[in-house]
Amino acid sequence: MWSVLLLAIAVTYFITQPQPLRQERITYPAQPVPRIVLPSPIPIPEKTSEQKIKEGAQIFERLMGESDPFFIGNKYYPPFGIAWLRGIVEANKKGELLITPVTTFPGASSTLMASGYNGQKMEIEISLLKLWGFVNVDYPVTKYDSRVAKHTFMNGMVHEALHLRGQKKEFFDFSENSTDTQRVYEERLKEELRVWPIMIINVIRPLRVVGQPLNNDDIEADGILRGCKDDPSCPLFVEFIKKRFRDPYQK
Ligand SMILES: [Zn+2]
């Protein structure tokens, strides 16, 4: 086998060499050189948006189930986060808070969740396309721990609930309807700078301490705030939040 292979290499080498002007006659071996046929890769067809939304809806249902704050298996989740998740479940049951999957956020495809008001009711919206991308592209379960998606989902819900409870309806109405995009950006940035440190100190960091896996953004945010000695007005931290938050306001 080796001799045949070596011979094949030698023949290939000989044939691919620039031909000399006066060509020698090549004597081919009597035995035919075996041809190795490699299977050609079968391209995986790109999924349509409809398929992604359908799968995103299944992921949403699964993560809603896994995030249940009354489930004994979630006892490791920080008490602060459990309390807020319970508050979400209760408010949802009472009909005060809607949890609504949407296909995507117009102009903000990288946004996973958003909060606001739907009439008089509070609402947390979750992008199914982003959720699909998160699980299949950003953090595929084959490469990452599936708990990354679960924790991102749980943390996202708590984060949005902090916005909803920390601000009046007027804030959300203003940020949705005002044409003064610069002021909306500044107000929302201030609000993110308020909520992120609460999340980091009470949820993200305690999860890291017990070795629970998190997404890269959360890990980076914790590292930066730690480097800033937990001072959220520190320029490095402000810059990090700005970078993450720019998307919806990019023109
Ligand atoms: Zn936020």
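**View 1. What covers the buried residues of α4 includes α2, β1, β3 and α5.**
This is a predicted model, in which local features need pLDDT of at least 70 and side-chain atom pairs count only at pLDDT 80 or more, while totals for chains, interfaces and linings use all residues. Residues are numbered from 1 along each chain as its sequence is written. The buried residues of α4 are L128, K130, L131, W132, F134 and V135 (buried: 20 or more other C-beta atoms within 10 Å of the residue's own; exposed: 12 or fewer; partly exposed: in between; C-beta atoms placed from the backbone). Helix α4 spans residues 128-138 and lies across β1 and β3. With β3, helix α4 makes an angle of about 45° (axes are lines fitted to C-alpha atoms, for helices over the stretch in contact; angles run from 0 to 180 degrees between N-to-C directions).

**View 2. Helices α2 and α4 cross at roughly 80°.**
The axes of these two helices come within 8 Å. On the α2 side the contact is made by S49, K52, I53, E55, G56, A57, I59 and F60 (contact: C-beta atoms, placed from the backbone, within 7 Å). On the α4 side the contributors are L128, L129, L131, W132 and V135. Among these α4 residues, L128, L131, W132 and V135 are also buried.

**View 3. Strands β1, β3 and β2 form an open sheet in that order, with mixed pairing.**
Strands pair here if DSSP finds at least two bridges between them. Because β1 (97-102) and β2 (113-118) stand at the edges with a single partner strand each, one side of each is left without a neighbour in the sheet. Direction ignored, neighbouring strands of the sheet are turned by 25° against each other on average. The pairing of β1 with β3 is parallel and has six bridges. In that pair, L98 stands opposite E123 of β3.

**View 4. Strands β2 and β3 form a hairpin.**
Two residues lie between the strands, and G119 in the turn has a positive phi of about 65°. β2 and β3 (residues 121-127) run antiparallel and are joined by six bridges. Two partners in β3 can be located: A114 has E125 as its bridge partner, and Y117 stands opposite M122.

**View 5. The largest nonpolar core has 37 residues.**
Such a core is a set of buried Ala, Val, Leu, Ile, Met, Phe, Trp, Tyr and Cys residues joined through C-beta atoms within 7 Å. The residues with the most contacts inside this core are L131, M157, V158, A161, M199 and I204. At least two core residues each come from α2 (49-66), α3 (79-93), β2, β3, α4, α5 (147-166), α7 (181-209) and α8 (216-227). Helix α5 gives the most, with nine residues. Around M199, leaving aside neighbours within four places in sequence, the contacts are N155, V158, H159, L162 and I204.

**View 6. The whole protein has nine helices and three strands.**
Helices (H or I, at least four residues) and strands (E, at least two) are DSSP runs numbered from the N terminus. From the N terminus on, the order of elements is α-α-α-β-β-β-α-α-α-α-α-α. Of the 251 residues in the protein, 23% are buried. Among the contacts in the protein with a separation of 6 or more, 67% join residues 24 or more positions apart.

How values were computed: Contact = placed C-beta atoms within 7 Å.
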